[in-house]
Amino acid sequence: MPVLNLLQAVNDALRTEMRRDDRVVVLGEDVGKFGGVFRATAGLYEEFGENRVIDTPLAEGGIVGAAIGMSLYGMRPVPEVQFADFIYPAYDQIVSELAKFRYRSGGQYPCSMVIRTPYGGGIKGGLYHSQSPESVFIHHAGLKVVVPSNPYDAKGLLLSAMRQEDPVLFMEPKRIYRAAKGEVPEEDYTVPLEKAALLREGDDVTVIAWGAMLHEAVAAVDEAEKKSGIRCDLLDLRTLWPLDIDAVVASAKKTGRVVVVHEAARTCGLGAEISALIQERAFVHLEAPVKRVTGWDTPFPYTLDDAYLPRAPRILQGIHDVVEFVA
């Protein structure tokens with residue numbers, strides 16, 4: 001079984017689905033001969049040609065708007081927005097049109113398409129190439145939001161996303177594009193959406209993370225067990241919305257202590273919603289308030305990149321905070 005990095009797994013998924021379904025087209029800035037800003041679409045233009053791998057002007061609203069039109073005519077477009085920081089010019093197209101077509105048409109126009117976009121910090125990209133806007137889109141009903149954390153999931157989740165009737169925002173943690181490596185089957189397979197993965201099992205604390213932060217959480221959880229004997233459930237959400245609330249609540253009831261980790265800013269981040277859901281459904285099981293370990297409520301900094309992102313030591317401190325909490 002070949003070992004791929006996350007970026008290669010995304011490329012493999014696109015190639016697999018384009019070979020399987022000739023309705024799938026890729027479009028975006030530099031996705032053609034150049035192969036995309038990170039090379040996620042490398043080689044697709046040579047194999048599938050200019051009618052299925054389409055270079056576009058630098059106009060995110062136009063890219064998404066054109067993809068919506070293609071979808072309404074039965075195609076399955078996969079537009080790429082080069083950085084999630086640049087997705088806001090397409091915001092109205094995404095939340096007012098794409099997310100609503102299936103509902104407003106009574107299911108006649110499902111608007112099946114996947115918007116791919118690299119997101120997140122950790123590459124010294126400064127404030128215009130580092131943001132994590134997932135909660136902005138989760139707030140608008142009608143979209144599924146998916147984030148892989150490893151190459152196997154990246155291929156399987158993207159293949160599942162491209163076969164959905166509902167539109168999907170597929171956010172790729174660019175910090176681990178090349179750092180995350182693992183075995184990826186050459187054949188076609190899918191990873192189901194809306195199912196979290198339980199990566200570690202323990203009775204003391206539940207740690208919830210996704211994307212690049214999952215790897216920081218793994219380091220913190222392993223350190224907690226090694227140094228302090230604290231054993232954690234570690235959940236990788238994989239699909240942020242609709243999230244696997246049953247898995248979250250079951251783990252919260254088991255451990256009674258929860259730490260939610262994300263690199264987006266703290267205020268109104270997904271961690272706030274998860275905390276509220278746990279409070280609603282598992283309050284009597286809690287031994288401590290739900291802890292959030294997040295990015296800060298500032299524009300993403302350039303020189304203080306490491307200080308902004310929740311690294312393993314800060315997550316480890318969060319684990320100790322909930323373990324040592326006294327009412």
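With which residue does Arg175 form a salt bridge? The partner is Glu216, and the closest N and O atoms are 2.6 Å apart; a salt bridge here is a side-chain nitrogen of Lys or Arg within 4 Å of a carboxyl oxygen of Asp or Glu. The model is predicted, so that local features need pLDDT of at least 70 and side-chain atom pairs count only at pLDDT 80 or more, while totals for chains, interfaces and linings use all residues. Residues are numbered from 1 along each chain as its sequence is written, and side-chain values use heavy atoms, without hydrogens and water.

An automatic or database assignment divides the protein chain into domain 1 (3–183) and domain 2 (197–324). Contact (heavy atoms within 4.5 Å) joins 27 residues of domain 1 to 26 residues of domain 2. Together the domains bury about 2,100 Å², 56% of it on carbon and sulfur atoms; this is the accessible area (1.4 Å probe) that two parts lose on being put together, summed over both. In domain 1, Lys124, Ile138 and Arg175 lose the most area to domain 2. Two salt bridges are found across this interface.

Strand 5 (residues 114–119) has six of its six residues buried, that is, under 20% relative accessible area (1.4 Å probe, protein chains only). Strands are DSSP runs of E, at least two residues long, numbered from the N terminus. Strand 5 pairs with strand 7 (residues 168–173) in the parallel sense over six bridges, where pairing requires at least two DSSP bridges. Tyr119 has Pro173 of strand 7 as its bridge partner.

Definitions and conventions:
Buried < 20%, exposed > 50% of the residue type's maximum accessible area, 1.4 Å probe, protein only. Helix = DSSP H or I, 4+ residues; strand = E, 2+ residues; numbered from the N terminus.
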